[in-house]
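Please look over the model below before reading on.

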Amino acid sequence: MVWLGPLLAFVAVASYFALFLNWAITRDVPWVNLILLAVALAASIAGLVRSRRRLLAAAGLALTLALGGFFLWYTYVFSYDIPSAELALDVGAPVPALVLRDDRGQDVELAALSRDKLVLVFFRGHW
């Protein structure tokens, strides 16, 4: 029972990155993972109360708290540190003189592409 809490906490954190990050309903508000972390914390506390090996149970509780703290920091602090859109272009604004690399590694001037209409899509690369 001592290591059930840390094991559940590890499953909660790992499953977020491996599975639940793919859907907005569980990525934006990770309710499944928060429930798993709450059960992991309850199991770690119960393991600490029932265990005769207090040091081992305390280490399990500390590991559970560390994994839960990392998960909460990642989902509610780090993920929301998005750059501001103050420098974003307005719709219909002229394309600035940029040179970007395409998928083959070749340099492409945007001025050469913007003869008619041009749609630029920039992926954030975080999710």
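The numbered notes below take the aromatic pairs, then the threonine.

1. This is a predicted model, in which local features need pLDDT of at least 70, side-chain atom pairs count only at pLDDT 80 or more, and totals for chains, interfaces and linings use all residues. Residues are numbered from 1 along each chain as its sequence is written, and side-chain values use heavy atoms, with hydrogens and water left out.

2. Rings of Phe, Tyr and Trp (its six-membered ring) pair if their centres lie within 6.5 Å; planes under 30 degrees apart are stacked, over 60 edge-to-face, and the rest tilted. The count is seven aromatic pairs. In one of them, the ring centres of Y16 and F71 are 5.1 Å apart and the planes stand at 85°, so this pair is edge-to-face. Y16 belongs to helix 1 (residues 4-18) and F71 to helix 4 (residues 54-78), so the pair ties together parts 55 residues apart in sequence. Helices here are DSSP runs (H or I, at least four residues), numbered from the N terminus.

3. Y16 and F71 are both buried, meaning under 20% relative accessible area; exposed is over 50%, and partly exposed lies in between (1.4 Å probe, protein chains only).

4. F70 and W73 make a tilted pair, with 6.2 Å between centres and 40° between planes. Both lie in helix 4, three residues apart, about one turn of the helix. F70 is partly exposed at 37% relative accessibility, and W73 is partly exposed at 44%.

5. One aromatic cluster is formed by Y16, F17, F70, F71, W73, Y74 and F78.

6. T64 lies in helix 4 and is buried, with a relative accessible area of 4%. T64 touches G5, P6, A9, A40, L41 and S44, not counting residues up to four places away in sequence; contact means heavy atoms within 4.5 Å.

Key:
Helix = DSSP H or I, 4+ residues; strand = E, 2+ residues; numbered from the N terminus.
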